[in-house]
Amino acid sequence: MGNWEQLADKALAGERLSLEEGLAVLKAPDDEVLPLLQAAFRVRRTYFGKKVKLNMIMNAKSGLCPEDCGYCSQSIVSTAPIEKYTLLKKDQLIAGAKEAQRRKAGTYCIVASGRGPTKGELEEVIAAVKEIKQEMPLKICACLGILTEEQAHQLKEAGVDRYNHNLNTSAGHYANITTTHTYEDRVRTVEMAKSAGISPCSGCIIGMGETMEQVVEMGYGLRELNADSVPVNFLHAIPGTPLGHLDELNPLYCLKVLALFRFLLPDKEIRVSGGRESNLRQLQPLSLYPANAIFVGDYLTTEGQAVLTDHQMIKDMGFEIEECAL
């Protein structure tokens, strides 16, 4: 292939890359990565300049999940030794929001394990969100599993700005990862959030045994979903999970994936998410050329890079933190 600028032109014109073009990005020779990133950066700069959005996760409920997602240490099939607890109280969720502000994160993500929220859990989250929205200029993203239409409207009324429900992988690979719910269940929940007037957030996990064709299909699925925010996770293989043995990724391939997603989703917030530190390693700073957002701090059950190290990385690359995401 080689002429990556043509793909940037296509992305900026709103045209979808063909499967052949998408595969060419993923199969690019390693010594083509810099021109590839430069082309992806041209698209990123057009829509987001040199701003970087920061998100912070609060693991509001850990473990105790009946689903069998093969990548997750919190699932019913996992034997990983993680901390397990029921939903945090309102004051703890509010304290998390204050910590997000200290870390310069514009978006605060309240994440709870489980198939979907109980009535009591939803009420606790809603009470916290109402108070946070009164006191702090934060964008709030909730990730509570599968929603009903009524629950989506309740979250919207409380002030939730965004709802996260990842597609995780392609439709064709889905049954290899999870059997307790379907790809269609996930699409339905994202559509439910959208119809309630909540900004949709949906992404994927790379490195779960999928083919390169399926990676391109993930990008197509997210483009079709029209999610505003797209977290791109790279599998952090956790011993004790069904996928704990996988080790398929290297830093240069991860950068190619991010470039592909920028071409397929030119005007969307692309966030380098879980597994960033363990898979991109020393090449983490280069991910800011295609992506325009990162998580700061720890993830759900895995540790992240030190917050000040992330701030310094952004500064050293000549980018700047977008402190207010509203």
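Biologist: How many cavities of 30 Å³ or more does a search of the whole structure find?

Modeller: This is a predicted model, so local features need pLDDT of at least 70 and side-chain atom pairs count only at pLDDT 80 or more, while totals for chains, interfaces and linings use all residues. Residues are numbered from 1 along each chain as its sequence is written, and side-chain values use heavy atoms, with hydrogens and water left out. A cavity is a set of points, on a 1 Å grid over the protein atoms alone, where a 1.4 Å probe fits but cannot get out. With a threshold of 30 Å³ or more, the number of cavities found in the whole structure is 2.

Biologist: Which helix gives the most to the lining of the second largest cavity?

Modeller: The volume of the second largest cavity is about 50 Å³, a volume being the space filled by probe spheres set on grid points joined across faces, edges and corners. Its lining residues (those with an atom within 4 Å of a point) are Lys-61, Leu-87, Ala-112, Ser-113, Gly-116, Pro-117, Glu-121, Leu-122, Val-125 and Leu-144. Helices (H or I, at least four residues) and strands (E, at least two) are DSSP runs, numbered from the N terminus. With 3 residues in the lining, the leading contributor spans residues 119–135 and is helix H5.

Biologist: How many residues of that lining are nonpolar?

Modeller: Ala, Val, Leu, Ile, Met, Phe, Trp, Tyr, Cys and Pro count as nonpolar, Asp, Glu, Lys and Arg as charged, and the others, Gly among them, as polar. On that scheme the lining has 2 charged residues and 2 polar ones, and its nonpolar residues number 6.

Biologist: What is the radius of gyration of the protein?

Modeller: The chain folds into 11 helices and 10 strands, and its C-alpha trace spans about 55 × 40 × 35 Å along the principal axes. The radius of gyration is taken over C-alpha atoms, and the globule rule is 2.2 Å times the number of residues to the power 0.38. For 326 residues a compact globule would have a value near 20 Å, which agrees with the protein's 19 Å.

Biologist: What share of the contacts with a separation of 6 or more comes from residues 24 or more positions apart?

Modeller: Contact means heavy atoms within 4.5 Å. Among contacts with a separation of 6 or more, the share from residues 24 or more positions apart is 76%.

Biologist: Is helix H2 largely enclosed or largely open?

Modeller: Buried means under 20% relative accessible area, exposed over 50%, and partly exposed in between, with a 1.4 Å probe and protein chains only. In H2 (residues 19–26) the buried residues are Glu-21, Gly-22, Leu-23, Ala-24, Val-25 and Leu-26, and their cover includes helix H1 (4–12), helix H3 (33–48), helix H8 (212–225) and helix H9 (251–264). Because 6 of its 8 residues are buried, H2 is largely enclosed.

Biologist: In which helix is Val-216 found, and is Val-216 buried or exposed?

Modeller: Leaving aside neighbours within four places in sequence, Val-216 is in contact with Leu-19, Gly-22, Leu-23, Leu-26, Leu-260 and Leu-264. Its helix is H8, and at a relative accessible area of 1% Val-216 is buried.

Biologist: How many disulfides does a search of the whole structure find?

Modeller: A disulfide is a pair of cysteine sulfur atoms within 2.5 Å. The sulfur of Cys-201 is 4.8 Å from the closest cysteine sulfur, in Cys-141, and is therefore too far for a bond. Over the whole structure the number of disulfides is 0.

Biologist: Which cysteine holds the sulfur nearest to that of Cys-143?

Modeller: Cys-143 is in no disulfide, and its relative accessibility of 16% counts as buried. At a distance of 6.8 Å, the nearest cysteine sulfur is that of Cys-141.

Biologist: In which loop does Lys-104 lie?

Modeller: Lys-104 is not a glycine, yet has a positive phi of about 70°. Its relative accessible area of 32% makes Lys-104 partly exposed. The loop lies between helix H4 (90–102) and strand S2 (107–112).

Biologist: What is the relative accessible area of Asn-226?

Modeller: Asn-226 also has a positive phi without being a glycine, of about 60°. Asn-226 lies in the loop between H8 and S7. This residue is partly exposed, its relative accessible area being 40%.

Terms used. 1 Å grid on protein atoms, 1.4 Å probe; cavity = no way out; pocket = protein on both sides within 12 Å on 5 of 7 lines; lining within 4 Å.
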